[in-house]
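Hi,

Here is the structure I promised to pass on. Have a look at it first, and then read on for my notes.

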Amino acid sequence: MSFHKSDSRTPLAPAEYTRNAIKLNATAGKPPLPPRQQQQQQQQHQQQDHELCSFGSRSPDTRLSSVALNRHRLKMSLKRGGPPPAPSSGAAVMTTSLSATSLNQQKIPTVVTVYDSEKKNASRNNASISQPKFIRSDMADVPVQQAAGSTLPLVLTRKKGGDDGEDGTYNPFEHRKVEHPTSDLETFVHLLKGSLGSGILAMPMAFSNAGLWFGLVATLLVGTLCTYCVHILVKCAHILCRRRKIPMMGFADVAEQAFLDGPPGLNRWSRFIRFMVNTFLVIDLLGCCCIYLVFVATNVQQVVNQYTANEISVRLWIVIVSTPLIFMCLVRNLKFLTPFSMIANILMFVGIVITFVYMFSDLPAPAERDGIVSATHWPIFFGTVIFALEGIGVVMSLENDMKNPNHFIGCPSVLNFGMGLVIGLYTLVGFFGYLKYGPETEASITLNLPLEDKLAQSVKLMIAIAIFFTFTLQFYVPVSILWKGIENKISAARQNMCEYGLRVALVLLCCGIAVALPNLGPFISLIGAVCLSTLGMIVPSVIELAVYYEDPGYGRFKWRLWKNSGLIIFGIVGFITGTYVSITEFQAEFKDGHDEM
């Protein structure tokens, strides 16, 4: 038994509605009754109303079942000559069933208040019996309802496919509320800061695992593929924002919504892909923090060992460096870390300029270097290059903060200019670094600088201090992701203590991993192969296949399907081979260390 409400009128009580319906059916198509018969009929109606009103007050033993009550009402209606009362517009209609079986099998639809993003309001007039698609509450400024245990808000179901909403006029860029939007130039600078890091110092080592000329071509190719995959991700984000009428999305939001918008088989995996993206982001950023610890400890060790008789192992230096970082990482407000970021940028810039001076002096002829090396070394090259070039983790944040987001992609665009400059600088450092030092190239070009030279020692210390301060900024993002996932599960009284405990535990975890794996080269390749090949190539390709599934489709001869399949295969091959070679090198290092002991 259910009630359906077709407008906002006050529904009638069951007794009142039954009485009115019986009157209408009894008098339909018949002449008026004599006064005496009318009086008798009114008495019958009063008696029936008394029975209906007193039904709920009966004792449990004498109370009729709902099925018996429905049969009684139907029987009384048929006795007076006429069919059962029909549903009338504007009133609450009580539906009946002739049998208990059909009544129990009847599904009761649920009326759900739905948020209309076009009118920016919620009303029951937009109620829908069918379950709409889910959109996360942190994507847009919409009210949140709990549905089937989910914290996702319900929105109007929209047609899959197409770049625009139903009316084709929604522009997500006009609905963004950014307190301090960045200009194209500011976004360009932030993109350079996010992409230019310690990876540029590892590019000569990447060329040593590819060869001088093969490394040159392969770096340009991998850099172009990385840039193109960023284009794919941002373009799909714009399409999904228009379809769902959401102002902005993050990386994980885009992946989740693409799976909801794609083939039906992918819908059930939408939450999983969101979890996977966040997991790989956390692993990537914490892996970078481990690499920073190894980098700082190695450079400091080289300088200190020049002035002390007793050499300190790099593992002990990692522990020493990690101690002050425990206290620095307890700072939860990025505003207090801004001065350290400024110092790090200045020291990094000065250090790289001085490194260029050493690198371009007394260059040998290119013929003295291998143009291409054995293919067994290529996975290390791939992992190192993608680690150095890939900045996809910061792309969506930069695009969401832009004043003109449509300038981020396209031709020309902020992304093309920024990544073009980054690829050029990385290729330049890798080519001339390997040309300068050849097979003796270290995992970081600063380790090849002359140890006895005071200026070279200052470069090592300056870059080590810059990377040390960068650790706290790199550490901020994975902590935020992890804390958001567990914050609601902890009582308010214990949240501060638990958050500080999480920060200390993560610093100790990074320290432990760095102590166990202090070899910088395979570590860089491992992080690049595992995390960034997944986030930078595989996931964006899968997202585009899901977004373009219905409209506009995969194009003539399904060229989008073939293109993305090639990118996915390339990413998987790099993932497997890079991981295998890196782990093999770690095993060889452990074996050599055990033999020396």
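How many residues does helix H13 have, and what does it reach from its first C-alpha to its last? Helix H13 runs over residues 378-389, so to speak a 12-residue element, and spans 16 Å between those two C-alphas, close to the 16 Å expected at 1.5 Å a residue. Before you go further, please keep in mind that this is a predicted model.

Phe340 is partly exposed, at 29% relative accessibility, whereas Phe469 is buried, with a relative accessible area of 14%.

H13 comes back in another pair. The ring centres of Phe382 and Phe570 are 5.4 Å apart and the planes stand at 85 degrees, so this pair is edge-to-face. Phe382 belongs to helix H13 and Phe570 to helix H19 (residues 559-596), so the pair ties together parts that are 188 residues apart in sequence. Phe382 is buried at 8% relative accessibility, while Phe570 is partly exposed at 33%.

You will also find a cluster of rings, in which ring pairs link Trp213, Phe356, Phe360, Phe431 and Phe432.

**A nonpolar patch**

Which residues form a nonpolar patch on the surface? They are Ile346, Phe349, Val350 and Val353, and together they have about 370 Å² of accessible area. Phe349 is in helix H12, and at 60% relative accessibility Phe349 counts as exposed. As a reminder for reading helices, an α-helix has 3.6 residues a turn, so residues three or four places apart point the same way.

**Salt bridges**

How many salt bridges does a search of the whole structure find? The search gives nine, and here are some of them.

- Glu399 and Arg176 meet through their side chains at 3.2 Å, N to O. The two come from distant parts of the chain, 223 residues apart: Glu399 is in helix H14 (residues 392-400), and Arg176 is in the loop between strand S4 (121-128) and helix H5 (184-195). Glu399 and Arg176 are both buried.
- Arg274 and Asp253 form a salt bridge at 2.5 Å, N to O. Arg274 lies in helix H10 (residues 270-305) and Asp253 in helix H8 (residues 251-261), so this pair ties together parts 21 residues apart in sequence. Both Arg274 and Asp253 are buried.
- Lys563 and Glu544 form a salt bridge at 2.5 Å, N to O. Lys563 is in helix H19 and Glu544 in helix H18 (residues 520-547), 19 residues apart. Glu544 counts as buried, at 6% relative accessibility.

Arg274 and Asp253 also belong to a network of salt bridges that links them with Glu256 and Arg271.

Cheers

How values were computed
Residues are numbered from 1 along each chain as its sequence is written. This is a predicted model: local features need pLDDT of at least 70, side-chain atom pairs count only at pLDDT 80 or more; totals for chains, interfaces and linings use all residues. Side-chain values use heavy atoms; hydrogens and water are left out. Helices (H or I, at least four residues) and strands (E, at least two) are DSSP runs, numbered from the N terminus. The expected span of a helix is 1.5 Å times one less than its number of residues. Buried means under 20% relative accessible area, exposed over 50%, partly exposed in between (1.4 Å probe, protein chains only). Rings of Phe, Tyr and Trp (its six-membered ring) pair if their centres lie within 6.5 Å; planes under 30 degrees apart count as stacked, over 60 as edge-to-face and the rest as tilted. Patches are made of residues with over 30% relative accessible area and no salt bridge: like charges are joined within 9 Å, nonpolar side chains (Val, Leu, Ile, Met, Phe, Trp, Tyr) within 5 Å. Accessible areas come from the Shrake-Rupley method with a 1.4 Å probe; for residues, only the protein chains shown count as cover. A salt bridge is a side-chain nitrogen of Lys or Arg within 4 Å of a carboxyl oxygen of Asp or Glu.
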